[in-house]
Amino acid sequence: MKSETVREKLLDVAEELFCERGFERTSVRDLTTAVGCNVAAVNYHFGGKDKLYVEMFRRQMHRMFQRQREMIERLEKKPEATLEGLVRDTISVHIKAIEKKEKSAAVMKLLVREVLNQHVYKDEVVGDFKNDFFPFYCEAMRRFCPGLELEKARLCMFSLDALVIHPILFYEIYLETIPKIKADEIIEHIVKFTYAGIRAYCKDNE
């Protein structure tokens, strides 16, 4: 098995086992047995189980940012594109992944919990967000909403993040509290709430 293939397979298996069992109950041997490689492969490729854990989150974050970036670039090519459409497309990716119980949603849920519990240092996994995607998305909002100041765009971005993180953590509670609610209704609620807030800042500068 090629070295690059082993590395990617270890990350794939890590997502499955860590999300299912947690960090402590997943051993290096569990990971390497599932891949079919030598137990030393984790140290060779990542420098240990803890660093594999962080890299698993980093890979998922990178994939998420790349999908979002491509979505924004496609949207901006459409003459009919709007700020509301930007927010809707951004939110839909996450809520639909939660609804369908996709692996990406499970990894993000685990990441949020680990950061909150300080088992993973946020700077290890959110560097790309702060340095790359965050400014990219803020500027996209400003292009869709002329007059939106940069500092206000940053505040809106933080609010949007919070509105995404909440259902990642508590989606089951949404369904228990409002049994008939659908994913599309949650998406529309977040879109309207966020859109109104961003537009309010734009109106302040008109």
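The model is predicted. The largest pocket holds about 630 Å³ of space. The second largest pocket has a volume of about 350 Å³.

**The largest pocket**

- The lining of the largest pocket consists of 27 residues.
- Nearest the centre of this pocket lie Met61, Val126, Phe129, Asp161 and Ile165.
- Six helices each supply at least two lining residues: helix 4 (49-76), helix 5 (83-99), helix 6 (103-116), helix 7 (122-125), helix 8 (127-144) and helix 9 (150-177).
- Helix 9 gives the most to this lining, with 8 residues.
- Sorted by class, the lining of the largest pocket has 20 nonpolar residues, 3 polar residues and 4 charged residues.

**The second largest pocket**

- For the second largest pocket, with its volume of about 350 Å³, the lining is made up of 14 residues.
- Closest to the centre of the second largest pocket are Ala105, Ala106, Lys109, Ile168 and Glu172.
- Helix 5, helix 6 and helix 9 each supply at least two residues of this lining.
- Helix 6 gives the most here, with 5 residues.
- The lining of the second largest pocket divides into 8 nonpolar and 6 charged residues, with no polar ones.

- Helix 9 leads in the lining of the largest pocket, whereas helix 6 leads in that of the second largest pocket.

How values were computed
Residues are numbered from 1 along each chain as its sequence is written. This is a predicted model: local features need pLDDT of at least 70, side-chain atom pairs count only at pLDDT 80 or more; totals for chains, interfaces and linings use all residues. Side-chain values use heavy atoms; hydrogens and water are left out. On a 1 Å grid over the protein atoms alone, a cavity is a set of points where a 1.4 Å probe fits but cannot get out, and a pocket is an open set with protein on both sides within 12 Å along at least five of seven lines; lining residues have an atom within 4 Å of a point. Grid points are joined across faces, edges and corners, and a volume is the space filled by probe spheres set on the points. Helices (H or I, at least four residues) and strands (E, at least two) are DSSP runs, numbered from the N terminus. Ala, Val, Leu, Ile, Met, Phe, Trp, Tyr, Cys and Pro count as nonpolar, Asp, Glu, Lys and Arg as charged, and the others, Gly among them, as polar.
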